[in-house]
Amino acid sequence: MQNISVKRMIAGALIVLLAMLIILGSMGVMAEREGAQLLAEINEISAQQASAANRAETNLMEVRVRLERMSQHYRNGNESYAERALGEALVSLEKSDQRIAELTRLELPIDSERRPLIDAIVDSYHLIVTDTLRSDLANERYETLDEYRDPINQKFSGFSTAISNFNDYALSRGNQVHSEAQRDSVIFGITVGVLILTAIVLYIVVQIMINRLVISPLQRAVSICENIAKGDLTSHIDALGRNEIGRLYSAMEDMQERLEEIIGTLNQSSEAVASSSTQIASGSQDLASRTEQQAAALQQTAASMDEISSIVQKTQILPVKHSN
């Protein structure tokens with residue numbers, strides 16, 4: 001580990017953490033998209049298609065009831081009531097056609113599970129609501145319409161069964177989607193928990209490594225530099241690999257060795273200077289002693305000269321006195 005660059009070690013840890021964040025973000029986006037697709041599918045099945053099918057069944061049931069009333073009123077000779085019932089049957093049929101159109105409006109893949117169920121509803125609907133029935137309703141053929149009661153009642157059960165099958169599928173699919181959502185939620189929660197735990201462990205490991213490989217060596221380096229600043233060159237400097245910290249320790253060791261060499265050279269120079277100073281001082285003392293001796297000799301010579309001068313002066317004065 002000591003040979004791994006501090007820069008690479010920290011960069012590696014950050015890359016791992018960044019990768020975890022990317023994974024979490026990607027999983028969140030994927031889960032959100034999948035959830036949106038499932039919600040859209042449930043909305044199509046339950047809120048749109050199932051609702052349209054059930055309302056179409058209700059409207060078609062209203063057509064049956066109103067055709068029954070129309071027949072009764074017509075047989076009783078109440079043509080106005082029969083006409084009103086026929087009009088209401090046409091309105092209900094129009095609404096039923098709209099519901100069937102809503103049911104088939106959505107484009108489904110060929111392999112969709114809903115497709116055969118919807119086709120069964122539409123086929124059974126067209127078995128009941130035929131073009132002949134529409135023509136007879138539009139032309140108000142009361143006697144002919146009276147003959148549709150039994151065929152409509154017989155075929156209506158098939159239509160109801162087809163709608164019931166679709167409702168069962170919608171319920172089953174809703175339960176399946178709910179189970180898948182719960183399963184995906186559990187998987188996502190476990191994955192997030194594992195990644196968070198891994199991130200915590202990685203943080204602790206990186207923190208320990210940084211303390212051991214960076215902080216502690218730097219604190220030791222500060223202590224060594226303080227000792228060198230105080231003049232203590234006896235600190236032991238260990239080799240710590242080839243990374244930045246190792247290079248720092250190697251440089252401090254070289255610096256301490258060079259300082260020791262410089263101080264050794266200065267000590268030798270100081271000793272040489274001290275020896276030369278001692279010799280110069282001894283020579284100075286000898287010179288001073290000789291100078292004192294010479295000064296004493298000069299004093300004696302000066303005294304002798306004074307004495308000789310005095311004698312000479314006396315010698316010159318004595319003959320003068322004799323001539324007088």
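Which residues does L248 touch, not counting residues up to four places away in sequence? Keep that one in mind while you read; a few notes on this predicted model follow.

1. Let's settle the opening question. Leaving out residues up to four places away in sequence, L248 touches L218 and A221. You'll find L248 in helix α7, which covers residues 244-323. Is L248 buried, exposed or something in between? With a relative accessible area of 33%, L248 is partly exposed.

2. Staying with L248, have a look at where N78 sits. These two residues are 170 places apart along the chain, and 112 Å separates their C-alpha atoms.

3. Now for the charged side chains. Side chains of opposite charge can pair when their charged atoms come close. How many salt bridges does the structure hold? The count is seven, and I'll walk you through some of them.

4. Start with R66 and E88, whose side chains meet in a salt bridge at 3.7 Å, N to O. R66 belongs to helix α1 (residues 6-75) and E88 to helix α2 (residues 79-103), so this pair ties together parts that are 22 residues apart in sequence. As for accessibility, R66 comes out at 22%, which counts as partly exposed. E88 is partly exposed too, with a relative accessible area of 31%.

5. There's a bit more to say about that spot.

6. Next up is D97, which forms a salt bridge with R134; their closest N and O atoms are 2.6 Å apart. Why does this pair tie together separate parts of the chain? Because D97 lies in helix α2 while R134 lies in helix α4 (residues 131-138), and the parts they connect are 37 residues apart in sequence. D97 has a relative accessible area of 23%, making it partly exposed, and R134, at 28%, also counts as partly exposed.

7. Last pair: D184 and R183. Their side chains meet in a salt bridge at 3.4 Å, N to O. D184 has a relative accessible area of 22% and is partly exposed. R183 reaches 48%. Does that make R183 exposed or partly exposed? The cut-off for exposed is over 50%, so R183 still counts as partly exposed.

Conventions
Residues are numbered from 1 along each chain as its sequence is written. This is a predicted model: local features need pLDDT of at least 70, side-chain atom pairs count only at pLDDT 80 or more; totals for chains, interfaces and linings use all residues. Side-chain values use heavy atoms; hydrogens and water are left out. A salt bridge is a side-chain nitrogen of Lys or Arg within 4 Å of a carboxyl oxygen of Asp or Glu. Helices (H or I, at least four residues) and strands (E, at least two) are DSSP runs, numbered from the N terminus. Buried means under 20% relative accessible area, exposed over 50%, partly exposed in between (1.4 Å probe, protein chains only). Contact means heavy atoms within 4.5 Å.
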